[in-house]
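I opened this entry to look up a few packing and pairing details. My notes follow the order in which I checked them.

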Amino acid sequence: QVQLVESGGGLVQPGGSLRLSCEASGSIISIEDMGWYRQAPGKQRELVASITNSGSPDYADSVKGRFTISRDNGKKTVYLQMNSLKPEDTAVYLCHADRIWTPRPMGASSSEYWGLGTQVTVSS
């Protein structure tokens with residue numbers, strides 16, 4: 001059973017920092033692109049940052065220069081370092097993997113997975 005579990009969220013003041021982690025568990029052959037999404041009440045879910053299996057990152061314009069995404073394939077973990085946090089960064093942050101390959105009797109298959117999310121609140 002594959003799971004994505006986030007950690008590291010919390011309450012911080014504007015200008016502060018947080019580091020989010022997302023660890024994949026289960027019988028996994030490989031993980032392709034991973035990313036962090038966020039969703040605030042009444043707003044659409046948006047892609048914050050993504051990273052390929054080989055480590056190439058991409059960022060939303062709103063977080064460029066402030067957030068850094070990275071991954072450790074050996075630990076099956078993706079991270080999001082968030083600096084210079086702003087109140088508008090407040091949201092539930094969700095980990096996403098577009099394709100996780102798992103062993104099957106005929107070979108292998110891939111599926112999309114989401115974590116349950118971790119709350120980030122930026123407030124004075």
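How many bridges join S8 to S9, and do they run parallel or antiparallel? I am working with a predicted model. I found six bridges between S8 and S9, and the two strands run antiparallel.

Next I looked at the hairpin these strands form. Four residues lie between S8 and S9, and Lys-76 takes a positive phi near 55°. I then checked the two faces of S8. Phe-67, Ile-69 and Arg-71 make up the covered face. Thr-68, Ser-70 and Asp-72 make up the uncovered one.

I followed Phe-67 across the pairing and found Met-82 of S9 opposite. I listed the contacts of Met-82, leaving out residues up to four places away in sequence. Phe-67 is among them, along with Gly-16, Ser-17, Leu-18, Leu-20, Arg-66, Tyr-93 and Val-120.

Last, I turned to Thr-118, which sits in strand S12. Is Thr-118 buried or exposed? I count Thr-118 as buried because its relative accessibility is 11%, below the 20% cut-off. Its side chain reaches the backbone nitrogen of Gly-9 at 3.3 Å. Beyond four places in sequence, I found Thr-118 touching Glu-6, Gly-9, Leu-20, Ala-91, Val-92 and Tyr-93.

Key:
Residues are numbered from 1 along each chain as its sequence is written. This is a predicted model: local features need pLDDT of at least 70, side-chain atom pairs count only at pLDDT 80 or more; totals for chains, interfaces and linings use all residues. Side-chain values use heavy atoms; hydrogens and water are left out. Contact means heavy atoms within 4.5 Å. Buried means under 20% relative accessible area, exposed over 50%, partly exposed in between (1.4 Å probe, protein chains only). Two strands pair if DSSP finds at least two bridges between them. A polar contact is a pair of N or O atoms within 3.5 Å; within protein, one must be able to donate a hydrogen and the other to accept it, and residues adjacent in sequence count only if both atoms are side-chain atoms.
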